Amino acid sequence: MNYCNLITIFAFINLLVSIPHGYSNYVETKAGQFFSSGHTNNWAVLVCTSRFWFNYRHVANTLSVYRSVKRLGIPDSHIVLMLADDMACNYRNPKPATVFSHKNMELNVYGDDVEVDYRGYEVTVENFLRVLTGRLPPSTPRSKRLLSDDRSNILIYLTGHGGNGFLKFQDSEEISNMELADAFEQMWQKRRYNELLFIIDTCQGASMYERFYSPNLMALASSQVGEDSLSHQPDLGIGVHLMDKYTFYLLEFLEEVHPASQANMNDLFKVCPQSQCVSTPGHRTDLFQRDPGSVLITDFFGSVRKVEITKDTINLTSPVEPPIKRSGSSDIQIESLTYVDQLPVAEIIHQQDCLEANVTRCRRKQQRTRKLNCQVVEKQTA
Amino acid sequence: MGITAAAARDEFQEELVIRPLHSGDIYASFQFRTLWDTDFLQEGQKVSHYRLFPKSLGQVLSKFSVRELHISFTQGFWRTMQWGQPFIPSPPGAELWVWFHDTVSDVDGNWKELTNVLSGIFCASLNFIDLTNTVQPSASFKPLGLGNATDHRFLRYATLPREIVCTENLTPWKKLLPCGSKAGLAVLLKSEKLFHSSFHSQAVHIRPVCQHKNGLDFAKILDAPSFCIHLCINCYLHLFTEWSLFKMFSRTLTEACPLATSSKVYVDITDNPEGELFELSPATPLLSQAVVLGDRRTYSVFDLTRAETFGQLRSLNLLLRWKGDGGEMLRPLLHAERYVAGFGLQTGEIHTVIYNNHPYRAFPVLLMDSVPWYLQLYIHTLTVTSKSRDNKPSYIHYQPAKDRHRPHLLEMLIQLPPHSMTEVTVQFERALLKWTEYTPDPNHGFYVGSSVVSALVPSMVAMSTNFTQDQPLFSSFVPVKEESSYFVRVYTEPLLVNLPTPDFSMPYNVICLTCTVVAVGYGSFYNLLTRTFQVDEPSLPLAKRLANLIRRIRGVPLLT
């Protein structure tokens with residue numbers, strides 16, 4: 001009996017000790033999971049390659065993904081959005097500044113806060129490949145660059161018209177699957193991504209990921225080789241098809257996802273089965289190191305936020321000193337500045353005479369002082 | 001001698017001017033002005049603290065040594081004859097003109113980098129501005145701000161007539177305001193209603209101005225010229241018998257921007273002195289008169305910095321109900337049009353028509369035309385006629401185009417006779433481009449930017465030359481030097497010309513046809529030469545084969 005009691009007490013004490021230990025283990029595993037994918041920042045490159053009003057649905061596709069990605073946390077500075085044509089403010093659009101994804105105009109995916117980085121004629125194969133590989137001219141602004149590093153997870157979404165092994169850009173050029181695979185290999189060799197998710201919604205989309213050979217790539221396509229991706233529904237008010245079937249169901253799926261959601265890639269692979277999509281969506285995971293079941297949707301569609309919890313108070317530094325104006329008559333030239341005459345007729349005619357007579361001293365005659373003076377002076381107080 | 005710390009004196013003012021027209025349309029003009037307290041003469045000075053002035057633009061100005069920057073994005077064309085003169089005109093598409101400081105050594109390099117940086121800030125394709133569409137005007141576009149030297153080598157001007165304006169341009173524009181779009185007049189800028197208009201234009205104008213401090217006693221004041229950024233949105237909406245702020249913008253005003261020193265709404269009631277044309281509510285006792293565009297106008301003023309403007313409901317929703325049918329609007333004194341004449345895809349003719357509607361006064365106008373290189377102008381066919389007689393311009397500056405390097409620039413100072421129509425015509429030939437130079441949709445056509453007509457128009461009313469800061473923003477944008485005339489700039493329509501376009505599917509067609517011909521023709525010929533023929537015995541049906549077997553056994557001749 002005593003022995004039994006001893007065992008029970010021993011077990012009880014063990015339990016008491018192990019609960020906080022187990023709790024800290026739980027916290028550690030949770031924290032471990034948080035960083036298990038190994039990425040520290042997220043980027044998205046969303047491209048719509050079609051021009052003309054009847055390709056409204058491709059712009060709506062891209063904007064739906066843009067909307068989801070922004071909602072789940074990736075900021076505009078980390079999204080490179082390329083739209084080949086303007087549908088929202090197109091003169092044919094009965095509701096300007098809107099792009100709808102559902103019929104009866106339920107969801108405006110354009111919104112009020114959108115930043116398009118490449119638009120119109122700038123969406124070319126060359127610019128797309130330059131963005132991916134980072135080889136842009138030095139004066140390109142930051143918002144047009146993909147500034148990813150080796151700890152970035154990148155989402156790439158392409159939509160438009162495609163065929164077996166190519167994707168058409170703006171009805172005038174195309175990108176082949178070999179070029180795309182080579183671009184990703186360049187990105188891998190320059191360590192420009194940690195993991196990359198490639199989604200394509202075009203006809204025969206699966207042909208675009210057949211040639212990939214770089215590691216850590218996962219790809220999804222809306223249709224297999226030999227199949228067409230179909231559009232979802234037309235809207236009689238706007239007069240065109242609003243979205244493609246695959247992206248429509250993808251958007252429906254993503255609307256359920258929130259930043260803390262645990263949905264994983266296997267759920268994404270099940271989006272839009274053949275009964276709904278008519279085409280068979282495909283995916284490729286052989287180049288990916290982790291098991292798709294352990295990859296969260298938010299690893300690509302959401303954003304890692306660097307949060308440090310601190311319990312200490314922090315002292316803010318003293319406010320910035322206002323600019324100190326030096327005074328001293330020796331430092332300042334007293335110069336009288338005036339507003340310039342907007343149409344100095346006499347001067348212009350004089351300029352003509354100067355040009356004809358080829359006299360270089362004419363320029364000094366052009367200055368005139370008028371009533372309006374703004375003098376840079378120093379006022380002394382008593 | 002001594003050093004004192006002066007408090008940062010940035011200032012922000014906002015105003016909205018509403019002009020109802022007789023046809024039931026509304027012209028709404030938003031103006032936001034931020035004064036940046038910095039010494040613009042000392043460029044290269046490192047600024048580290050930005051208060052109200054947007055940091056993105058401040059850094060651009062100091063990095064590229066910009067003295068003045070004017071950029072505008074417009075959708076639609078301003079119809080001067082129907083709507084009058086706008087406060088701040090702008091051409092369709094995007095327009096950018098910049099004055100650099102005298103100290104810049106490589107203006108073209110700075111210009112190229114500046115356009116790229118601005119394309120990132122405003123989400124527009126301004127990076128398409130390069131030497132093939134940039135010009136250096138020699139007499140137009142004088143600086144609107146302070147400055148003594150006007151050496152035109154430091155001026156660059158470019159337009160992109162094809163550029164579209166949409167929410168992605170409005171979003172970064174709104175972020176330049178101190179209050180963003182959260183308080184003050186900017187809450188009315190909702191894209192869905194704003195772009196549902198006949199004309200929409202948003203612009204940023206940065207220039208150095210005089211600062212005048214009235215009644216402030218600082219120990220040592222340096223009245224230095226400082227930068228002023230002027231953001232304005234003009235829009236033109238169609239409405240019917242009754243309109244309100246809520247109907248137009250789907251929002252009402254609830255408060256002024258807390259960072260603004262003045263926040264006002266002006267409604268033009270000049271045509272409604274007795275209240276017989278329309279009825280404005282809520283009624284306001286504040287009235288103001290301003291001389292703008294050569295006309296004295298009366299405005300009802302709603303001051304948003306005063307709490308009683310908002311009334312009981314804490315929100316201001318202006319309501320205007322039309323009562324009678326108004327008369328005709330005053331015809332504007334200066335008006336210009338442009339069109340392409342001719343037929344075919346080889347030659348054509350550009351006609352620019354300028355109207356002077358003043359009954360007895362003549363005045364000079366400066367016409368500036370920038371034509372892309374692929375329309376090769378025959379400048380010897382240039383004619384300027386007024387009232388069917390030749391009108392010789394007193395100043396002509398022409399810079400011919402260089403293929404793929406530089407566009408044409410034509411500037412002329414023309415004296416317009418009173419009450420007349422002046423026509424400027426020039427013939428051109430269309431160039432054949434290389435096949436890589438065509439846009440993805442070449443059958444749409446190629447755009448030619450608007451012509452700019454700058455003029456000093458005689459004013460009916462004495463203009464005020466007193467440039468103080470108490471004047472409303474819309475009447476004090478352009479500095480006035482003389483009382484008897486005011487400066488105005490009119491933009492013509494952009495042109496859309498078709499260039500001879502090849503059929504881009506031809507290479508594919510040629511390859512298919514050639515390969516078919518080669519396969520069929522050569523293939524048949526090759527077969528004839530190399531194929532050998534053998535006689536092939538046909539196989540007999542089963543019955544005959546069995547019969548042959550029996551015949552063989554019998555020793556009788558076989559069947560064939």
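Predicted model: local features only at pLDDT ≥ 70, side-chain atom pairs only at ≥ 80, totals over all residues.
Residues are numbered from 1 along each chain as its sequence is written, chains are lettered from A in the order in which they are written, and side-chain values use heavy atoms, with hydrogens and water left out.

Chain A has nine helices and 13 strands; helices (H or I, at least four residues) and strands (E, at least two) are DSSP runs, numbered from the N terminus. Of the 382 residues in chain A, 50% are buried, where buried means under 20% relative accessible area (1.4 Å probe, protein chains only). Among contacts in chain A with a separation of 6 or more, 73% join residues 24 or more positions apart; a contact means heavy atoms within 4.5 Å.

Two helices of chain A, H3 (residues 125-133) and H4 (residues 177-189), pack at an angle of about 25° with their axes 9 Å apart. Axes are lines fitted to C-alpha atoms over the stretch in contact, and angles run from 0 to 180 degrees between N-to-C directions. H3(A) and H4(A) are therefore roughly parallel, a term for angles under 35 degrees. On the H3(A) side, the residues that meet H4(A) are A:Val125, A:Phe128, A:Leu129, A:Leu132 and A:Thr133. Their partners in H4(A) are A:Glu179, A:Leu180, A:Ala183, A:Phe184, A:Gln186 and A:Met187.

The largest nonpolar core holds 157 residues. Such a core is a set of buried Ala, Val, Leu, Ile, Met, Phe, Trp, Tyr and Cys residues joined through side-chain atoms within 4.5 Å. The members that touch the most others are A:Tyr56, A:Leu63, A:Phe301, B:Leu118, B:Leu253 and B:Val265. Apart from this core lies another, of 37 residues, which includes A:Val125, A:Ile156, A:Ala181 and A:Ala221.

Leaving aside residues up to four places away in sequence, B:Val265 touches B:Leu16, B:Ile18, B:Leu185, B:Leu253, B:Ser300, B:Val301, B:Phe302, B:Leu304 and B:Leu318.

In chain B, helix H4 (residues 167-174) has eight of its eight residues buried, so it is largely enclosed by the rest of the structure. Among these buried residues are B:Glu168, B:Trp173 and B:Lys174.

Back in chain A, A:Thr298 lies in helix H8 (residues 298-301). A:Thr298 counts as buried because its relative accessibility is 12%. Not counting residues up to four places away in sequence, A:Thr298 touches A:Asn42, A:Val257, A:His258, A:Pro259, A:Ser261 and A:Ser303.

Definitions and conventions: Parallel < 35°, antiparallel > 145°, perpendicular 65-115°, else oblique.
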